[in-house]
Amino acid sequence: MREESMAKADTFPARFMDKLLMGMPLSDYVRTLITPFNVVAMGILCVGIPLIVLRFVDGLATITHASNEYPWSILLGWGLFSGVPLSATGYIMATAVYVFGFKKYHPLVRLGVLTGFLGYLFAVIYLLIDIGRPWRIYYPMAVSYGPTSVLFLVAWHVALYLTVQLLEFSPAILEWLHSRRVRKWAVMITIAMTVAGVILSTLHQSALGALFLLAPGKVHPLWYSGFLPVFFFVSSIYAGLVMVIAVSTILSRFMRNSADREFLGSLDTLTVGLGKGACIVMFVYFALKLIGVAHDDNWDLLATPYGYWFLVEIFLFVLVPGFVLTRGVKRDSARMVRIGAFYALAGVILNRLNVSLITFNWAIPGHLHDLIPPVKEVFVVLAIATLHIIIFRWIVNRMPVLREHPDYREHG
Amino acid sequence: MVKSRERRPAGKDPGEGRGGSREEKPGISRRDCLKALTAAGSATLIGGSVDAHAYKKFSGWPDRCGVLADLTECVGCRSCEAACNRANGLPKPDVPFDEKSVFEEKRRPTASAYTVVNRYEDPEKPGTPLYRKVQCNHCNEPGCASACPVRAYTKTPEGAVLYNKDLCFGCRYCMVACPFYAPAYDYESALEPRVVKCTMCHGRVKAGGVPACVEACPVEAIKFGKRKELIKIAETRIRNRPDRYVDHIYGEHEVGGTSWLYLSRAPFERVDFPTNLPEKPLVEQTKGFLSSVPLVLVLWPAFLGMAYAATRNKEDDK
């Protein structure tokens, strides 16, 4: 249907509107928007967006939990520290396919890159709401350099990587716009961008962990380790893999129409393959966590309440999902791999929240009383997450992400 | 390899050096250490040992000042709080400075108070109070300064650690990094939030004066002077009255040493001083990681290029 409608448009504005409305007349398009999901999304945005406005009118204190003791609240604990490892999809998939030659995963590369790009974009949006003067966000890049700071590195790398990912995704945008010549250039830089992406990702995924190295008295010793950067980097690898499984699962269910037969047909096989990679990395990560405890000789701390919580994290949320994935791979069951993938994702998020919020300031009396975020902050997070989904859907609906554009078939 | 390495020579001699004053400028040590650490990192890789003196060392501004706070002397009159409020033109507090009910809870410096005094019960003599003044400790190598991505913090030769609101974009990493929970943030301000903390009255000190709180103290519980000399005074006090003090000068070595130094009758953890801090400056915790950055930048393209070539090679064979 999309292809037929292309023919009738001729002037540029008409053609552009046609692309935006996916080839439907405006009235039809608007009618397709009335769905249960959109109604709920609308409700969340109606509450969340005014709250975001409120932050720029009355200050951060009105919407967040952040305080002098806990400078970073759930906005960053979720948006940045959990959001960035879940966005490792871009560098993982691109490296696997373009550098290591796992060509059969080609149908998932664009999905990986788009998930990564939007993940970073939205991490920055959470950040812009959280930081005091967002219009100074470019200061570390242009005004005053603080090279002793790990955050300086994070700022640079996130900015660069966001650009890299936009370039990596640009062929899809250009195909959508039928810009054949520019697309050729965009495709040519694929390898260079992939390598740049791995370097930048290695450094800033680990840097997010290294940020907390500066707070040795505050993060609980079981989570504070000289290996924090390694933990964050290694877990981002499997986070990226299971996130691709999770996102492709959801899309193959709810956005079937935007996917081509190749994508849908190969998805189960590819899912099992990704699951295989993920469970190996998870076992490596589990071993590293044990090495971390041994390195600092923290065995005695395991018998404390925080120690039990640590064991819950590494056994119930790393080892067990690892076993679920392994079993799924052994039985060649995409279904079980998918369950394991969602489970493993929960584990990654739990780990990041543990380091950035749950065990941060553990020594302060009454520490755990301050954990539950206020309703307003939850709604801000929900609103941004909703926008994230809407924009993701908007792109997948229009651009060749889950399918190959008939005019631009790759050979791989 | 990422694990930060202890690079100080073993023994009691702290990095800041009590007697030996070095002349190098401070900026150099940070920048150069990155270079030196890259070398050190590669040395570790090939199995060599890291020479502690392989890079230029800066042991702090020689004449930096500090304040010695003697908890055994403080009477909890809060004159220092009042003087600080006046000297810095801070907003009028909700309860007046002669009000003692504020001691019922533990307070901390906020966006409208650079310093607060808290009351504890003396664990040795139940029933008698023990007061502790809280403010920025003006570290020798400040964690906040190492954390700041825009270099909004400066360690002045006089000892104060100063914050520049014109550079700050409000990421609050300095607050995460500060082991003493000193910096506060203006969460109420929508468009111009600042980090707020004690300046050790830098202007007054530069003009030859002493910080307002020190001047206001009626019992000389806080004493301003050259840090080197304050340590000697503190040692003498401990030696002369071992019954009165625990044998520790808090701030002499904690996180590389601080400008504010404390003497107490009660063990320091009993009056809420963090006692789980490393003795080396906080910047040492991230040095190892930052030194690995150039290595990754250089080595990764080579490794990935190799992997790419190997894949292509396999394809050609087919």
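**Entry 1: helix 7 of chain A**

I began with helix 7 of chain A, residues 89–99, and found it mostly covered, with 11 of its 11 residues buried. A note to myself before going on: this is a predicted model. The buried residues of helix 7 include A:Thr89, A:Tyr91, A:Met93 and A:Val99.

What do these buried residues pack against? I looked it up: within chain A they meet helix 8 (106–130), helix 10, helix 12 and helix 13, and from chain B they meet helix 8 (283–317). I also checked what follows helix 7 of chain A, and there I came upon A:Gly101, whose phi is positive, near 75 degrees.

**Entry 2: the nonpolar core**

Next I turned to the largest nonpolar core, which has 195 residues. Which of them touch the most other members? My list reads A:Met93, A:Tyr238, A:Val242, A:Ala278, B:Cys174 and B:Ala177. Helix 13 of chain A gives the largest share of this core, 16 residues.

Setting aside neighbours within four places in sequence, I found A:Tyr238 in contact with A:Ala278, A:Val281, A:Met282, A:Tyr285 and A:Ala344.

**Entry 3: helices 12 and 13 of chain A**

I then followed helix 12 (residues 190–210) and helix 13 (residues 228–254) of chain A, whose axes come within 7 Å and cross at roughly 130 degrees. Are they parallel or oblique? The angle makes helix 12 and helix 13 of chain A oblique to each other. Helix 12 of chain A passes helix 13 of chain A in a right-handed crossing.

I noted some of the residues that make the contact: helix 12 of chain A brings, among them, A:Thr202, A:Gln205 and A:Leu208, while helix 13 of chain A brings residues including A:Leu228, A:Phe231 and A:Ser236. Sorted by class, this contact has nine nonpolar, five polar and no charged residues.

**Entry 4: where the chains meet**

How many residues of chain A are in contact with chain B? I read off 48, which are in contact with 52 residues of chain B. On the chain A side, helix 4 (36–58), helix 9 (139–142), helix 10 (150–176), helix 12 and helix 13 each supply at least two residues. Helix 12 of chain A has the largest share of that side, seven residues. By class, the side of chain A that touches chain B divides into 33 nonpolar, 11 polar and four charged residues.

**Entry 5: chain B**

Last, I looked at chain B by itself and found eight helices and nine strands. Of its 318 residues, 42% are buried. Among contacts in chain B with a separation of 6 or more, 66% join residues 24 or more positions apart.

Note on methods:
Residues numbered from 1 in each chain as written. Chains lettered and ligands numbered in written order. Predicted model: local features only at pLDDT ≥ 70, side-chain atom pairs only at ≥ 80, totals over all residues. Helix = DSSP H or I, 4+ residues; strand = E, 2+ residues; numbered from the N terminus. Buried ≥ 20, exposed ≤ 12 C-beta atoms within 10 Å, placed from the backbone. Contact = placed C-beta atoms within 7 Å. Axes fitted to C-alpha atoms, helices over the stretch in contact; angles between N-to-C directions. Parallel < 35°, antiparallel > 145°, perpendicular 65-115°, else oblique. Left-handed = near helix turned anticlockwise from the far one by under 90°. Nonpolar A, V, L, I, M, F, W, Y, C, P; charged D, E, K, R; others polar. Core = buried A, V, L, I, M, F, W, Y, C linked by C-beta atoms within 7 Å.
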